[in-house]
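Subject: Structure for your review

Dear colleague,

Please find below the structure that I was asked to pass on to you. My notes on it follow.

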Amino acid sequence: MENLYPPIVDGKSVYDLNSQKYLKMWHGPQHPGVTGNMSLELDICGDQVIKCNTHVGYLHRGFEKLMERRRYINCFPIVCRICVPEPDTNEYLFAAAMEDLMGIEIPERAKWLRTLNLELSRLASFLMWIGGQSGAFGMGTVAQWTMAHRDFVLDLFEEWTGARIYHMYTIPGGVRGDLPEGWDKRAEKTIAAVHKLLDEINYVMLNNAIFKQRAVGLGVITPEMVDAYGVVGPNARCCGLQRDIRKDQPYLIYDQLDFIIETETAGDAYSRTVVRWKEMYQSIALIRQILAKMPRSGALHATLPNVLHLKIPKGQTYLRAESTRGEYGYFMVSDGSAFPRKVTVRGPSYTHAMALLEDLAVGVNIADLPGLMVSLHTYPPEIER
Amino acid sequence: MNLRDILSPFFVWKRAFEKPYSINTLSAPRPGAPAYRGFHKNDVSKCIGCGTCAEICQNVSIEMVPVATAKDGDSGLRPKIDYGRCCWCALCVDICPSGSLTMSNAYTWVEEGLDKDVRDTFCYTPGVDSKPWDNEPLGYKKPDGYELLLLDRIPMPHLSPEERLSSFVELVKGYSRELAIREADRCIQCGICTATCPAHMNIPAYIKAIREDNIAAGLQILYDTNPLPGVCGRICTRLCEDVCALSHRGDAISIRWLKRYLTDCVEAEDYKDILKTEIKPLGKKVGIIGSGPGGLSAAYYLANMGYEVDIFEKTAAAGGMLRYGIPEYRLPYDKIDKDIDFITSLGVKIHYNTCVGKDISFDDIYKRYDAVFISTGLFEPYFIGIKGEDNEGVISGLKLLSDVTEGKEVSLGKHVVVVGGGNVAMDAARTARRLGSEVTILYRRRDEDMPADREEIDEAYEENVTFITQAIPLEINKLADNRLEFIWGKAEMHFEEGAKRPQPVLIEGSRETLVADTIIAAIGQGMNFAWMDGEAFANIKFGKWNIDADRWGRSSDQKIFIGGDMFNRTADAITAIADGHRSARAIDKLLNQ
Amino acid sequence: MKKLYDILSLQFELADFESKRSDLAFCKVKASQAISLLTHLRDIHGYTHLVMLTCVDWLEDKQFQLTYLLHNYATKTDLGILVFIDRDHPVMDSLHHLWKQGRVYQRELHEMFGIDFPGSPGVEEPMILEGWQGPPPMRRDFDTKAYSDETYSHRPRVQNEPEQHMKEQLYSED
Ligand SMILES: Cc1cc2nc3c(=O)[nH]c(=O)nc-3n(C[C@H](O)[C@H](O)[C@H](O)COP(=O)(O)OP(=O)(O)OC[C@H]3O[C@@H](n4cnc5c(N)ncnc54)[C@H](O)[C@@H]3O)c2cc1C
Ligand code: SF4
Ligand code: SF4
Ligand code: SF4
């Protein structure tokens with residue numbers, strides 16, 4: 001019985017779907033293994049994928065278009081929605097792009113609070129991702145733990161910013177308020193719990209025979225592929241590239257913080273998991289550093305012109321930040337009016353979930369496909385903005 | 001695969017005995033965080049219905065609905081929020097200029113009654129439609145340390161007090177283009193001020209024109225409702241600023257200085273081009289008595305409508321109290337001339353030195369013109385009503401001010417006492433300071449009760465005017481050296497219920513003395529109709545104080561209209577201007593429809 | 001970055017160099033030279049990372065501005081290459097052979113702006129808007145508000161402007 005229909009994995013061979021040897025299958029858009037809605041159109045042979053086509057369009061909200069008809073301040077509440085699990089990068093980049101075009105320097109304390117905000121949301125986003133990654137390999141219990149811990153982080157956000165998911169905290173010009181009384185203590189309690197959980201994840205996941213069996217060697221990204229596909233973030237670091245925007249082009253106050261770029265060399269789903277897992281420890285350390293070093297007094301917000309009439313001088317700029325998935329970028333063009341002429345959002349999932357996944361999926365067992373997809377840490381909402 | 005990897009996951013078996021993460025929200029509800037952005041709350045008694053919340057809401061969730069009758073500074077509208085649209089961004093809360101809008105920390109709201117009108121489902125007007133969280137103290141409020149509104153006024157450059165005392169040079173220097181645009185930028189364009197302005201000037205529109213650096217458009221907007229903008233831009237009582245939305249948590253917009261900026265930007269020669277007045281003569285004539293702001297305003301609008309306008313003015317120059325009352329350091333004469341010259345350039349004729357009742361009879365005018373507008377103002381100073389007031393050296397504030405305007409030699413001597421606490425008193429006192437005298441102001445009530453503009457009182461302090469408050473004048477005596485002895489007594493304040501201001505009551509036996517070279521009475525002025533005569537006069541019905549007139553200024557003789565200080569109660573330039581404009585429209589209705 | 005611009009100018013027809021920050025600059029190139037410039041930048045000058053490809057619609061000028069943003073990991077600088085193409089006949093050479101993600105960007109631009117990239121694999125396949133009949137929606141002349149007003153019904157409401165409302169209540173003309 002073995003190899004009755006040898007799979008065609010070179011991606012070039014022509015095959016006949018009507019030959020009864022192959023099957024077309026849709027994975028998603030309502031698949032629990034996908035964060036947000038996206039579907040994969042698969043041609044399979046046996047249980048091996050021979051062709052994968054990513055389909056998006058289930059989440060297109062037209063944010064970039066909406067922004068063209070909104071005052072700058074009115075874009076502020078919508079940009080966070082571009083990426084649900086890690087909205088703060090959007091808030092930061094939108095504000096930073098505006099500030100860059102206007103030539104506004106934000107107060108020192110606001111920079112620290114923004115950094116804290118970004119790191120905390122990195123932690124939340126990674127926790128959610130572990131849930132996806134473990135869940136995709138049938139380890140639902142781990143997912144329960146991490147999702148619960150994410151909720152504890154969201155509790156911190158709720159207390160600090162007034163909302164759990166869409167914080168709308170990083171407002172153009174600075175931030176919207178200080179940390180509440182006693183927040184530091186509660187934050188420490190939560191991140192200590194996350195720290196403990198990460199230690200345990202090492203046992204249940206990284207050193208779990210089943211997980212290793214399935215993740216090692218899955219979806220290997222080679223260093224050559226990185227630039228050819230526009231791969232960024234942990235997906236690039238998993239094959240040995242020392243790239244992290246926080247270090248390479250430090251923004252906010254990252255140059256005043258101590259941390260290292262975590263890398264692995266194998267380039268497979270397992271090493272990506274390890275990179276992210278290690279990065280979470282870095283984030284925890286960063287949050288502790290920020291809380292220890294942060295100035296506790298001083299302005300939170302630079303005086304902006306009246307936001308109801310605000311116009312930005314003609315010009316264009318690009319700003320990037322390191323999100324959990326890698327380079328996130330905002331390209332903003334102003335024509336001198338009260339509305340942005342164009343804002344293009346570069347979400348890292350755009351390249352990861354489309355061109356890269358389509359090629360990596362070929363030859364993969366369909367049972368491993370969700371695991372592969374999550375190992376690229378793709379968030380469909382940032383693909384279609 | 002090694003054994004370690006198979007065993008390793010069991011290291012965390014103890015988690016099985018840990019407390020579950022999930023909580024039973026039915027038995028132990030989890031409230032939102034103290035600053036959670038939940039459903040809105042609005043302190044409707046504080047809300048001014050400015051609609052700024054609706055303006056900033058990017059989801060168009062807010063509908064402004066009428067819930068109370070409008071009054072000064074409050075449109076009576078209140079925000080109704082559509083939770084099918086709201087995204088809980090709280091920008092509305094952050095920008096609310098009155099600080100009335102906040103949020104509760106309520107997570108959930110179960111709407112009952114599916115048969116409800118679609119317009120009300122998941123929609124409510126916070127503070128009006130009661131909700132369980134109305135009295136919950138927790139929830140989101142605008143955090144400290146960050147502000148979307150620009151609450152601080154751009155400071156106006158002034159002459160220093162020393163520079164001021166040496167001349168009658170204008171004290172306020174005026175905004176530069178950059179400062180004016182920055183000040184104009186603060187305005188949130190709500191339009192709350194428009195209703196309070198007696199002339200209902202379109203304030204947000206001309207502020208917008210300044211912001212957009214469109215001076216010509218701004219000037220046109222000014223002239224739609226005010227033909228003396230250069231004057232008002234300097235001395236307006238600016239009732240609008242009292243209600244400005246921004247005044248609730250910060251400084252009101254400098255509406256007056258912005259108006260001044262607009263007029264200062266345009267040279268007199270360019271007014272004609274910008275305002276593009278095209279006049280089609282109607283062949284009808286209107287006579288106006290008095291060339292104060294009331295008369296001038298009526299003249300401007302009537303001339304624009306095509307009437308032939310003659311103004312009769314008893315003095316040698318036009319402007320009324322603007323010229324003969326308000327001192328030059330507040331309102332330079334050339335600025336009055338600039339506004340008036342534009343009005344006369346439309347063909348308005350001013351007959352100077354023509355006192356009605358003396359040089360021409362009222363009856364004559366009544367017969368010669370199709371309609372008559374009277375705005376002769378208040379020019380009879382009140383007396384203090386004490387012994388010795390008829391001594392030489394006791395003069396009225398008005399007399400001092402008009403003598404200075406006319407360029408007469410005025411010698412007040414070293415020590416001057418001014419009686420009164422209104423604007424005329426301040427003007428007289430500060431004029432006397434500029435003439436080199438030392439000045440003491442005597443006022444019956446407390447400092448905070450003075451009716452004069454606070455800014456003027458403060459400037460008088462800066463100019464080293466001495467204030468004696470709660471002082472009641474008792475008598476004036478001539479001393480041997482020709483100086484005057486002014487005797488006054490200390491007063492106690494009596495607070496009566498319902499009264500706006502407390503009553504000063506002389507403390508029995510209190511008797512203080514001041515010695516002065518000149519005593520200036522500035523306690524108000526009244527009107528006088530002795531100049532009216534003839535058949536028309538007989539037709540006019542008088543009220544208790546004044547000629548009876550409707551809100552258009554129309555007297556019982558339909559051809560006769562009145563306006564200005566003799567008609568309104570605010571007795572300021574802008575109300576006189578509004579009266580003139582309103583009567584002009586009524587006259588047009590009478591003659592042209 | 002100006003230096004690089006000067007060197008490139010010897011070979012390519014560049015214009016309007018704009019240095020936005022020390023690590024970000026933009027310049028314009030003729031459409032016909034764009035792809036060879038990108039290849040050159042990628043292979044010779046270390047601009048190996050295509051950060052993104054996007055389009056700005058300058059409706060008034062009847063032009064589309066294509067922006068190819070390249071990043072050099074060694075020098076940590078970004079160069080934005082701007083290409084202006086005719087809005088009425090928007091065709092541009094494809095770069096799918098230079099970067100794998102190129103075809104995805106081009107597919108999106110084709111769908112959203114109606115720009116054709118002949119030779120780009122699958123460029124005509126709908127990416128997001130299956131069954132869409134209207135014009136390419138990211139073009140500025142497509143009015144989303146008008147579209148939504150026509151397509152969906154709204155909860156009825158009256159918007160009272162404070163200024164107007166106060167006028168009616170307090171001082172409207174008789
Ligand atoms: C000292 C002082 C300071 C003031 N400061 C301010 C201020 O800062 N801001 C403000 O808004 N307002 C101020 N006012 C008030 C303001 O000047 C008046 O409200 C305004 O001028 C009233 O205009 P009017 O047209 O009613 O009359 P007036 O301005 O009083 O004009 C009446 C005109 O009629 C003429 N007239 C009178 N009788 C006859 C007659 N029989 N025949 C012919 N002509 C006649 C008079 O000569 C005069 O020119 C001030 C007033 C005074 C006295
Ligand atoms: S912004 Fe504040 S004051 Fe103005 S209408 Fe809204 S709630 Fe009322
Ligand atoms: S919270 Fe935001 S979306 Fe909701 S009503 Fe206020 S401004 Fe509008
Ligand atoms: S001046 Fe004040 S009240 Fe008037 S429109 Fe501007 S902000 Fe509103």
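How do the residues of the shell around ligand 4 divide into nonpolar, polar and charged? In this predicted model, ten of them are nonpolar, two are polar and none is charged. The residues concerned are B:C187, B:I188, B:Q189, B:C190, B:G191, B:C193, B:P204, B:C244, B:A245, B:L246, B:I253 and B:I255.

I turn next to the interface between the two chains. On the chain B side 44 residues are in contact, and they meet 48 residues of chain A. The area buried between chain B and chain A is about 3600 Å², and carbon and sulfur atoms give 56% of that area. Of the area that chain B buries against chain A, B:R15, B:Y21 and B:Q58 supply 19%, more than any other three residues. The size of an interface is often given in this way, as the accessible area lost when the parts come together.

The interface also has polar features. Five salt bridges are found across the interface of chain B and chain A. One salt bridge brings together the side chains of A:D155 and B:R30, with a distance of 3.1 Å from N to O. Across the interface of chain B and chain A, 22 residue pairs are in polar contact. Four helices of chain B, namely α1 (3-7), α2 (52-56), α3 (91-95) and α5 (177-186), each supply at least two residues of the side that touches chain A. By class, that side of chain B has 24 nonpolar, six polar and 14 charged residues.

Finally, I would draw your attention to one residue, B:E170, in the loop between α4 (161-165) and α5 of chain B. Is B:E170 buried or exposed? Its relative accessibility is 16%, and B:E170 therefore counts as buried, the cut-off being under 20%. The side chain of B:E170 makes a polar contact of 2.7 Å with the side chain of B:R234. Another polar contact, of 2.8 Å, joins the side chains of B:E170 and B:R260. Leaving aside neighbours within four places in sequence, B:E170 is in contact with several residues, among them B:L159, B:Y329, B:R330 and B:P332.

Yours sincerely,
A colleague

Definitions and conventions. Residues numbered from 1 in each chain as written. Chains lettered and ligands numbered in written order. Predicted model: local features only at pLDDT ≥ 70, side-chain atom pairs only at ≥ 80, totals over all residues. Heavy atoms only, no water. Near = heavy atom within 4 Å. Nonpolar A, V, L, I, M, F, W, Y, C, P; charged D, E, K, R; others polar. Contact = heavy atoms within 4.5 Å. Buried area = accessible area lost by both parts, 1.4 Å probe. Salt bridge = Lys/Arg side-chain N within 4 Å of Asp/Glu carboxyl O. Polar contact = N/O pair within 3.5 Å; in protein donor to acceptor, adjacent residues only side chain to side chain. Buried < 20%, exposed > 50% of the residue type's maximum accessible area, 1.4 Å probe, protein only.
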